[in-house]
Amino acid sequence: MKLTVLGPFSAAIDGVPIVPTAAKPRQILALLAVQAGQVVTVPSVIEEVWGAAASPKAHVSVQTYVLRLRTFIGRALGDPAAAREVLVTRPGGYALLTGPDAVDAHVYDRLCAEAQTAVERGDDARGARLFRTALELWHGEAFAGVRTGAVLGLEAMRLEQSRTGVLERRIAAELRLGAHERLLPELASLTTGHPHHEALQALYMTALDRSGRPGGALAVYDVLCHRLDERFGLLPSLELRRLADDVRARATASATATRV
């Protein structure tokens, strides 16, 4: 079985799709997928699909949708009875039993953890490579094509926030490896797309400074200051101000040395 949630939601067994077109069973399958191997309780399903609008008979609808999902799974397996061994009933809920690497989000989380461990051990090359592999699993917004409720909404938010954080850690590791010039086009694009994201702006400033373009780094800082003040009435973080001060001091010292 192959399930993808890091982009358009899809699920297939041996290449045969098992995703219903109807919104609610699709939503339930996505919930089961992201928690594959674990019991998803009926109350959790009801909270995800109906929230506060759930009727007293919502649990009956859940049973109906699970039966529909088993129909799709049975067709893909060529054995309707075998579907009960894949989408199993457990006390209080249901569980989707898959292989260890069936869900792309689970692979992503594992790769990110391995990458972080490598970086913490000082192996930036391995960490950057694993971070990049993890990011390559993304093909759009999390759970695209699925209506998300309380549970999936939180998971989508976690994954999207993780994606940005992993991108930052990958670039930081590559900067430590001396890839500042190679990273400039990517960082230029990222900072254009995220004009108020201070961590990405800081990485861009660092790459510019290390590429011998301190003036460009300070220009990025000045533009960010203007944007933050104009939109939020805020100054950049203390960390970013210190980075700008360091770049400015080095640029001044270099200019002074050149004149002498």
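**A sheet, its helices and some loops**

Mentor: Val 40 has Tyr 94 as its bridge partner in E6. Helices (H or I, at least four residues) and strands (E, at least two) are DSSP runs, numbered from the N terminus. This is a predicted model, where local features need pLDDT of at least 70 and side-chain atom pairs count only at pLDDT 80 or more, while totals for chains, interfaces and linings use all residues. Residues are numbered from 1 along each chain as its sequence is written, and side-chain values use heavy atoms, with hydrogens and water left out.

Trainee: How many bridges do E4 and E6 pair over?

Mentor: They pair over 2 bridges, in the antiparallel sense. Two strands count as paired if DSSP finds at least two bridges between them.

Trainee: And what is the strand order in the open sheet?

Mentor: The order is E4-E6-E5, 3 strands with antiparallel pairing. The edge strands are E4 (40–41) and E5, each pairing on one side only.

Trainee: Which strands does H1 lie across?

Mentor: H1 lies across E4, E5 and E6, and runs at about 70° to E6. H3 also packs on the sheet, where it touches E5 and E6, and its direction makes about 145° with that of E5. Axes are lines fitted to C-alpha atoms, for helices over the stretch in contact, and angles run from 0 to 180 degrees between N-to-C directions.

Trainee: How many residues of H1 are buried?

Mentor: 10 of its 12 residues are buried, among them Pro 25, Arg 26 and Gln 27. Buried means under 20% relative accessible area, exposed over 50%, and partly exposed in between (1.4 Å probe, protein chains only).

Trainee: Back to H3. Why does its length agree with a helix?

Mentor: Its 20 residues (58–77) should span 28 Å at 1.5 Å a residue, and the end C-alpha atoms are 29 Å apart, so the two agree. The expected span is 1.5 Å times one less than the number of residues.

Trainee: What do the buried residues of H3 pack against?

Mentor: They pack against strands E2 (10–13), E3 (16–17), E5 (87–90) and E6 (93–96), and helices H1 (23–34) and H2 (42–49). The buried residues include Val 62, Tyr 65 and Leu 69. Contact means heavy atoms within 4.5 Å. After H3 comes Gly 78, with a positive phi near 75°.

Trainee: New topic: is Asp 14 buried or exposed?

Mentor: Asp 14 is exposed, with a relative accessible area of 74%. It is in the loop between E2 and E3, and its phi is positive, near 50°, though it is not glycine.

Trainee: And Phe 143, buried or exposed?

Mentor: Phe 143 is buried, at 2% relative accessible area. Phe 143 sits in the loop between H5 (124–135) and H6, with a positive phi of about 60° although it is not a glycine.

Trainee: Which residues is Glu 155 in contact with?

Mentor: Neighbours within four places in sequence aside, Glu 155 is in contact with Val 34 and Phe 143. Glu 155 lies in H6 (150–176) and counts as buried at 18% relative accessibility.

Trainee: Last one: at what angle do H5 and H6 cross?

Mentor: Their axes cross at roughly 145° and come within 9 Å. The residues of this contact divide into 6 nonpolar, no polar and 7 charged. Ala, Val, Leu, Ile, Met, Phe, Trp, Tyr, Cys and Pro count as nonpolar, Asp, Glu, Lys and Arg as charged, and the others, Gly among them, as polar.
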